[in-house]
Amino acid sequence: MINIDAEIYSEFKCKADKCKHSCCKGWEIDIDEDTLYYYKSLDTELGNEIRQNIHEGEDTFFKLTEDKRCPFLKDSGLCKIIEELGEDGLCDICRLHPRFFEKINDYSLAGVGLSCEKASELLFEKSSLDFIICDSQQTISFQKLLEMLEIDISQDSLKLSNIISEYLDEAKIEKILDIFYITEPIDSNWKNEVLLVKRYLKNYQNNSEDRYDLKNLDNLDVQKYELFYQYILFRQLELIEDYGIQIIIDYAVYSIIFIMLYAKSFQDDIEAVRRWSEQIEYNEDNIDIILNDLDK
């Protein structure tokens with residue numbers, strides 16, 4: 001097995017208390033079997049506290065507080081378990097998040113999910129999407145990675161600015177926004193946020209010289225999101241076998257269009273990426289909803 005990491009995977013380091021959106025809030029935190037055994041063996045005050053905050057059943061996880069926080073997330077934004085036991089004391093999901101792994105043929109690929117604001121910050125700083133072959137520490141481009149994986153995506157299709165104009169159809173964009181609206185919401189704000197994005201699009205159309213000419217949407221800083229488009233493709237490479245290359249490209253382009261509209265609606269590029277990711281990228285059912293609709 002050949003291990004290849006996205007460059008930002010090796011550069012990633014959690015912002016901890018400096019993060020605006022802690023991953024210790026709002027998510028169910030599952031506990032793997034080995035870590036559960038370790039927690040049960042801790043003959044300390046912290047061990048007792050941990051065991052009191054574990055739900056055991058078909059799924060084993062930490063009992064969140066009333067405001068959906070991990071019981072070990074301190075007001076300072078730091079983790080009590082890390083402070084007392086170090087990172088080795090974390091369950092797998094906490095130790096690995098937001099890292100993800102996928103296997104294609106004889107290759108094991110690693111990256112970091114964009115629901116983490118630090119991951120988006122790292123990607124915004126890049127001028128190209130590069131990967132590292134772990135054994136040799138050789139740096140390769142995304143195009144070279146695809147060649148190694150024997151995935152045939154044309155050079156033109158890898159550049160968002162080359163193809164986005166094909167997607168800027170009023171009816172298609174409104175349809176994809178409707179699909180995003182009906183995905184399983186991560187929280188009570190999601191549907192309202194999609195409605196605000198739809199309103200922004202409608203206002204944009206009404207204020208344009210030609211209200212039905214959406215080609216000008218490619219002025220919404222397309223260059224800024226080139227690498228995010230490629231990274232979304234990278235994240236879903238393993239689904240090409242099931243859906244085909246074109247559907248995955250469609251998914252990536254429409255995701256970027258949504259992100260761009262969200263960023264303009266809320267004036268926050270990183271939050272637009274992060275919000276899309278936690279709602280769509282981190283919910284396999286929501287990905288399936290979008291891909292199955294695009295496949296019709």
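Contact here means heavy atoms within 4.5 Å. All views show a predicted model.

View 1. Leaving aside residues up to four places away in sequence, Gln-279 touches Thr-183, Glu-184, Pro-185, Ile-186, Trp-190 and Asn-286. Gln-279 counts as buried because its relative accessibility is 1%, and buried means under 20%.

**View 2. The largest nonpolar core, with 78 residues.** Phe-142, Tyr-231, Phe-234, Leu-237 and Ile-257 are the members that touch the most others. Helix 13 (residues 245–266) gives the most to this core, supplying 15 residues. A second, separate core has 17 residues, among them Cys-24, Ile-50, Ile-54 and Cys-91.

**View 3. Contacts of Phe-142.** Beyond residues up to four places away in sequence, Phe-142 touches Leu-129, Phe-131, Leu-158, Gln-230, Leu-233, Phe-234 and Leu-237. Of these partners, Phe-234 and Leu-237 are also listed with Phe-142 among the core members that touch the most others.

**View 4. The second largest pocket, with a volume of about 320 Å³.** Its lining comprises 19 residues, and Ser-127, Ser-128, Glu-226, Leu-227 and Gln-230 lie nearest the centre. At least two lining residues come from each of helix 6 (117–124), helix 7 (142–149) and helix 11 (226–235). Helix 11 gives the most, with four residues. The lining of this pocket divides into seven nonpolar, seven polar and five charged residues.

Conventions. Residues numbered from 1 in each chain as written. Predicted model: local features only at pLDDT ≥ 70, side-chain atom pairs only at ≥ 80, totals over all residues. Heavy atoms only, no water. Core = buried A, V, L, I, M, F, W, Y, C linked by side-chain atoms within 4.5 Å. Buried < 20%, exposed > 50% of the residue type's maximum accessible area, 1.4 Å probe, protein only. 1 Å grid on protein atoms, 1.4 Å probe; cavity = no way out; pocket = protein on both sides within 12 Å on 5 of 7 lines; lining within 4 Å. Points joined across faces, edges and corners; volume = space filled by probe spheres on them. Nonpolar A, V, L, I, M, F, W, Y, C, P; charged D, E, K, R; others polar.
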